[in-house]
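This briefing sets out selected features of one protein chain, grouped by topic. The sequence and the structure are shown first, and the commentary follows.

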Amino acid sequence: MNAAERIADAAQGILVGEGARAVTMRRVADLAGVSPMAAYKHFPNRQALLDTVAERAFRELAARWGKQAPGGSWEERAFGQLADFLDFALGRPHLYTFLMTDHRERARRFPGDFETGGSPFRNLVVLVEEGMREGILREDDPLEVTMALTSAVQGLVQLYLGGRIDLEEDGFRALCERTVRRTLDGVRK
C-alpha cells in the first residue's frame, strides 16, 4: 500500500470511528506513519483528503450494495437494498452522516449526479427502472420515484441517530420496512 492509500485509510478510520471533525492532517499523518509534510504532498489540504475518502467510501458502498437477495424477486431485492442501506447507516453512523447529510462542496446533488453511476443510489434507480419495465411500478420518473422511496427512510435514520426514535434496532428496522411498504403502495401499478 502506498503512502497516499495509507493516509486515506487512516483518515477514513478516524472518520468512521469519530466523525469528520476529528480528522486532522497531523493526526492522519501520525496514524499513517508519515510526516505531516508527506500528507500534504499527497493531499494539498484537509478538504482534498476528505473528498478522496468520500469517493472511496461511495465506491466501496456501490460495490457491496444489492448483494442481499441478488437472485430474488423484485421486492426481495428492493428490501435487500433497504437492509444494505440500514446496515451502512446504523453500522457506520459517522460515515453515513459525512456522506449523506454533512454539507460538502463536492457532495453529489440531485438530480444530475444521481443519473450516472458510482453511487449506491444509482443501483436503486436501476431497480426502480426494472420495476417500471416489468409493470410492478407505475411509469413515472425513475429518479423521483427512487427519491420518494429513500427519503422517508433517510429521515427516519436521521431521527434514530439523533435519539428521537425510542426503538431497539430490530424495531427501528421494522419501522423502516413498513414505511417503504407504504410508499411502495403509492407507486405500484
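**Glutamine 158 and the overall fold**

Glutamine 158 is partly exposed, with a relative accessible area of 34%. This residue belongs to helix α8 of a model that is predicted. The protein chain comprises nine helices and zero strands.

**Chain as a whole**

- From the N terminus on, the order of elements in the protein chain is α-α-α-α-α-α-α-α-α.
- Taken along the principal axes, the C-alpha atoms of the protein chain fill a box of roughly 60 × 35 × 30 Å.
- Of the 189 residues in the protein chain, 42% are buried.
- Among contacts in the protein chain with a separation of 6 or more, 61% are between residues 24 or more positions apart.

**Surroundings of glutamine 158**

- Not counting residues up to four places away in sequence, glutamine 158 touches Tyr96 and Thr101.
- Glutamine 158 and methionine 100 are 58 residues apart along the chain, and their C-alpha atoms are separated by 10.0 Å.

**Packing of α1 against α2**

- Helix α1 (residues 3–18) packs with helix α2 (residues 25–32) at an angle of about 115 degrees, and their axes are 8 Å apart.
- The two helices, α1 and α2, cross in a right-handed sense.
- On the α1 side, Arg6, Ile7, Ala10, Ala11, Ile14 and Glu18 take part in the contact, and they meet Arg27, Val28, Leu31 and Ala32 of α2.
- By residue class, the contact of α1 with α2 is made up of seven nonpolar, no polar and three charged residues.

**Arginine 6 in α1**

- Arginine 6, a residue of helix α1, is partly exposed, with a relative accessible area of 31%.
- Apart from residues up to four places away in sequence, arginine 6 touches Met1, Ala32, Gly33 and Val34.
- Between arginine 6 and alanine 89 the separation is 83 residues in sequence and 24 Å in space, C-alpha to C-alpha.

**Glycine 66 in a loop**

- Glycine 66 is located in the loop between α4 (46–64) and α5.
- The relative accessible area of glycine 66 is 24%, and the residue is partly exposed.
- With neighbours within four places in sequence left aside, glycine 66 is in contact with Gln81 and Asp84.

**Aromatic pairs**

- The count of aromatic pairs comes to three.
- Phenylalanine 85 and tyrosine 96 are both buried.
- For tyrosine 160 and phenylalanine 172, the ring centres are 4.1 Å apart and the planes are at 15 degrees, so the pair is stacked.
- Tyrosine 160 belongs to helix α8 and phenylalanine 172 to helix α9, so the pair ties together parts that are twelve residues apart in sequence.
- Tyrosine 160 and phenylalanine 172 are both buried.
- One aromatic cluster is formed by Phe85, Phe88 and Tyr96.

**Helix α9**

- At 1.5 Å a residue, the 19 residues of helix α9 (residues 169–187) should span 27 Å, which agrees with the 27 Å between its end C-alpha atoms.
- Phe172, Leu175, Cys176, Thr179, Val180, Leu184 and Val187 are the buried residues of α9.
- The elements covering the buried residues of α9 include α5 (74–91) and α8 (142–161).

**Threonine 146 in α8**

- Threonine 146 is part of helix α8, and its relative accessibility of 0% places it among residues that count as buried.
- Beyond its neighbours within four places in sequence, threonine 146 is in contact with Phe121, Leu124, Val125 and Val128.

Terms used. Residues numbered from 1 in each chain as written. Predicted model: local features only at pLDDT ≥ 70, side-chain atom pairs only at ≥ 80, totals over all residues. Heavy atoms only, no water. Axes fitted to C-alpha atoms, helices over the stretch in contact; angles between N-to-C directions. Helix = DSSP H or I, 4+ residues; strand = E, 2+ residues; numbered from the N terminus. Left-handed = near helix turned anticlockwise from the far one by under 90°. Contact = heavy atoms within 4.5 Å. Nonpolar A, V, L, I, M, F, W, Y, C, P; charged D, E, K, R; others polar. Expected span 1.5 Å × (residues − 1). Buried < 20%, exposed > 50% of the residue type's maximum accessible area, 1.4 Å probe, protein only. Phe/Tyr/Trp six-rings, centres within 6.5 Å; stacked < 30°, edge-to-face > 60°.
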